[in-house]
Amino acid sequence: MSRAAAFVRIMDTTCSEKCLLKIALLQFDWQLLGRRLLDSAQDVEDIDREETKEQHKREKMLLKWKEQKGSGATYQKLTDALKEVGNMDTAERVEQFAVEVSPPKRSDISTNDPEAYSRMDWTNVGNTLEESKRLYEEAMAKGYVETSVTKCLILGAAGVGKTHLK
C-alpha cells in the first residue's frame with residue numbers, strides 16, 4: 001500500500017475524542033462549522049447558549065458531532081467541512097493530528113517506502129493477539145514471510161552445542 005493509500009485509510013477513520021479536544025484548541029468559526037456538521041441549527045444555538053468560553057463551545061460542538069454521527073464522524077468529513085467554510089489552515093492541522101494519533105501500520109506501507117517505515121509506530125506491530133494472528137495468516141496465504149538477517153554473537157564453553165543452533 002502506498003503512502004497516499006495509507007493516508008486515505010487514516011482519514012477515513014473515526015475521529016478520536018482526544019484528537020477532537022486537540023482540534024478544539026485551534027481558532028476557527030465553530031458556529032459556521034457546526035451548521036455544516038451537526039444535525040440542526042438548533043444544536044448550534046443550544047451550545048452557544050449553554051457555554052460561555054469559545055474553546056468550550058468548539059469542544060462541545062465537535063463532541064456533539066461525534067455523538068450524532070458515530071463512526072461517520074471521520075477525519076475526512078471534518079477536513080472537508082472545514083475547507084467548505086474557508087478554514088484551510090485548520091483543515092491542514094486536522095490532517096496532521098489524524099496522522100499523529102493514527103500513524104501508519106506496518107501492513108499499510110509498501111516495502112519500497114523506507115521513509116514511511118521510519119515514521120511508523122513500531123511499538124504496536126504484532127503486539128496484540130489479533131494482529132499476530134493476522135500477520136500469521138497473511139504469511140501463510142503468501143507462502144513466505146519477509147525477514148531480516150541479524151548477526152548474533154553466541155558465547156559459551158566449548159562443547160555445549162553453540163554451532164548446532166538453528
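**Close-up views of a predicted all-helix model**

**View 1. The largest nonpolar core and the residues at its centre of contacts.** The largest nonpolar core has 28 residues, and those with the most contacts inside it are I23, L33, M61, L62 and L78. Here a nonpolar core is a set of buried Ala, Val, Leu, Ile, Met, Phe, Trp, Tyr and Cys residues joined through side-chain atoms within 4.5 Å, where buried means under 20% relative accessible area, exposed over 50% and partly exposed in between, with a 1.4 Å probe and protein chains only. At least two residues of this core come from each of α1 (3-11), α2, α3, α4, α5, α6 and α7 (88-101). In soluble globular proteins, nonpolar side chains tend to be buried together. This is a predicted model, in which local features need pLDDT of at least 70 and side-chain atom pairs count only at pLDDT 80 or more, while totals for chains, interfaces and linings use all residues. Residues are numbered from 1 along each chain as its sequence is written, and side-chain values use heavy atoms, with hydrogens and water left out.

**View 2. The whole chain, as a setting for the close-ups.** The protein has nine helices and zero strands, with helices (H or I, at least four residues) and strands (E, at least two) taken as DSSP runs numbered from the N terminus. Of its 166 residues, 29% count as buried. Among contacts (heavy atoms within 4.5 Å) between residues at least 6 apart in sequence, 67% join residues at least 24 apart. The accessible surface comes to about 11000 Å², of which 52% belongs to carbon and sulfur atoms, as computed by the Shrake-Rupley method with a 1.4 Å probe, only the protein chains shown counting as cover for residues.

**View 3. Helix α5 and its buried face.** Helix α5, which covers residues 54-69, has 16 residues and reaches 23 Å from its first C-alpha to its last, close to the 22 Å expected at 1.5 Å a residue; that expected span is 1.5 Å times one less than the number of residues. Its buried residues are K57, R58, M61, L62 and W65. Seen down the axis of α5, these buried residues fall within an arc of 125 degrees, so they line one face of the helix, the arc being that of the directions from the helix axis to the C-beta atoms. They pack against α2 (17-23), α3 (30-37), α4 (41-50) and α6 (75-84). Just after α5, G70 takes a positive phi of about 60 degrees.

**View 4. L33 in helix α3.** L33 is found in helix α3 and is buried, with a relative accessible area of 1%. Leaving aside neighbours within four places in sequence, L33 is in contact with F28, M61, L62, L78, A81, L82 and V85. The C-alpha atoms of L33 and N87 are separated by 9.1 Å, although the two residues stand 54 residues apart along the chain.

**View 5. I23 in helix α2.** I23 has its place in helix α2 and counts as buried at 1% relative accessibility. Apart from neighbours within four places in sequence, I23 is in contact with F28, L62, L78, V94 and F97. A separation of 8.5 Å lies between the C-alpha atoms of I23 and R58, which are 35 residues apart along the chain.

**View 6. Cysteines C15 and C19.** With a disulfide taken as a pair of cysteine sulfur atoms within 2.5 Å, the count comes to zero disulfides. C15 is in no disulfide, and the nearest cysteine sulfur, that of C19, is 6.3 Å away. C15 is buried, with a relative accessible area of 0%, and C19 also counts as buried, at 0% relative accessibility.
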